[in-house]
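Okay, thanks for coming, everyone. Let me put the thing on the screen, and then I'll walk you through a couple of residues and the overall fold.

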Amino acid sequence: MKVVVISGSPRKNANTQIIMKYVYEYTKLKNENTSLINLSEGQVECYRGPDEDYNEATRFAAKEIMDADVWLIGSPIYNSFFSSALKNLFEYVSYKETAGKVAGMAILAAGNIGFIDVQTLLTQLLSYFRVITNPKAVFLTTDTITEDLISDEDAKNRLKEMVDETLKIAEKLQKD
């Protein structure tokens, strides 16, 4: 099974990437065929249409997503939405190649508002791609991160649980 972990923040020192690197390392222990797309590295170009020529990093990211069986997506909340960098990434993805994939998500905010809104928006986007979404998203606030590490053990456990449950859903679907 191929898994892609997506860190959806474009910010260089993003808290989202701290969380998603943790998810990536944990997932790699469970499933060796796991890759990480980190949008804070700034290599994915702005989508300009289907007939344009894009750089290698952009083509690679799109291929990784379409080839993966499982997507583990992390996004910050910016103005009550998921990041525009994440939305831009999905512009490269063909819905014709994504039906039946499984996704889990972690959503990060500075405060305790907007989580359900962003979960709903992400779930709607994933529904367009016919992706089955783990209904148990992880909601975290920035106070769970201290000195570039997840300092809250409960947050770590919830992230692990999201990974485990999402992988379990994908395994059940692959058996059918």
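So, to start: is Thr 98 buried or exposed? Thr 98 is buried, because its relative accessible area is 0%. By buried I mean under 20% relative accessible area, with exposed being over 50% and partly exposed in between, using a 1.4 Å probe and protein chains only.

Quick housekeeping. This is a predicted model, so local features need pLDDT of at least 70 and side-chain atom pairs count only at pLDDT 80 or more, while totals for chains, interfaces and linings use all residues. Residues are numbered from 1 along each chain as its sequence is written, and side-chain values use heavy atoms, with hydrogens and water left out.

Back to Thr 98. You'll find Thr 98 in the loop that runs between α3 (84-90) and β4 (102-109). Helices here are DSSP runs of H or I with at least four residues, strands are E runs with at least two, and both are numbered from the N terminus. What touches Thr 98, leaving out residues up to four places away in sequence? That would be Met 66, Trp 71, Val 93, Phe 129, Arg 130 and Val 131, where contact means heavy atoms within 4.5 Å.

Now zoom out. We have five helices and eight strands, and from the N terminus on they go β-α-β-α-β-α-β-α-β-β-β-β-α. The C-alpha trace spans about 45 × 40 × 30 Å along its principal axes. Of the 176 residues, 50% count as buried. As for contacts with a separation of 6 or more, 77% of them come from residues 24 or more positions apart.

Last one, charges: there are 20 positive and 25 negative side chains, counting Lys and Arg as positive, Asp and Glu as negative, and leaving out His and the chain ends. The centres of the two sets lie 3 Å apart, with each charge placed at NZ of Lys, CZ of Arg, CG of Asp or CD of Glu.
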